[in-house]
Amino acid sequence: MEISSIISAIVIGLIIGVLGRLVAPGRQPIGVLWTIVVGIVAAFIGSAIAQGLGVADTDGVDWVEWLIQIGLAAVGVSLLSRSRARR
């Protein structure tokens, strides 16, 4: 992975985290920083999954990769909010 792809994954992770939080049902008692961290992690994992499935590099926008990343971010936000709510 090149430095430019790492930087783009972080920037995309910011967007993915916010979209994942919007998609996740209910109210999430977590801060913006945790949402961003979940988005960045989801972007990296989603890119790896898309690469493994062979849908990471297509002509145009990689919609399948974005959907995987947003889905992972929604799951991550939900899991983190549940664990924070128990405390």
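I started with Leu 33, which counts as exposed because its relative accessibility is 64% (buried is under 20% relative accessible area, exposed over 50%, partly exposed in between, with a 1.4 Å probe and protein chains only). Leu 33 is found in helix H2; helices here are DSSP runs of H or I with at least four residues, numbered from the N terminus.

I noted that this is a predicted model, in which local features need pLDDT of at least 70, side-chain atom pairs count only at pLDDT 80 or more, and totals for chains, interfaces and linings use all residues. Residues are numbered from 1 along each chain as its sequence is written, and side-chain values use heavy atoms, with hydrogens and water left out.

I then checked confidence (pLDDT, the predictor's own value for each residue, from 0 to 100). The mean for the protein is 82, and 95% of residues reach 70 or more.

Is Thr 35 buried or exposed? Thr 35 is buried, because its relative accessible area is 3%. Its side chain reaches the backbone oxygen of Gly 31 at 3.0 Å. I listed the contacts of Thr 35 (heavy atoms within 4.5 Å), leaving aside neighbours within four places in sequence: Gly 17, Val 18, Arg 21 and Ile 30.

Definitions and conventions:
Helix = DSSP H or I, 4+ residues; strand = E, 2+ residues; numbered from the N terminus. Polar contact = N/O pair within 3.5 Å; in protein donor to acceptor, adjacent residues only side chain to side chain.
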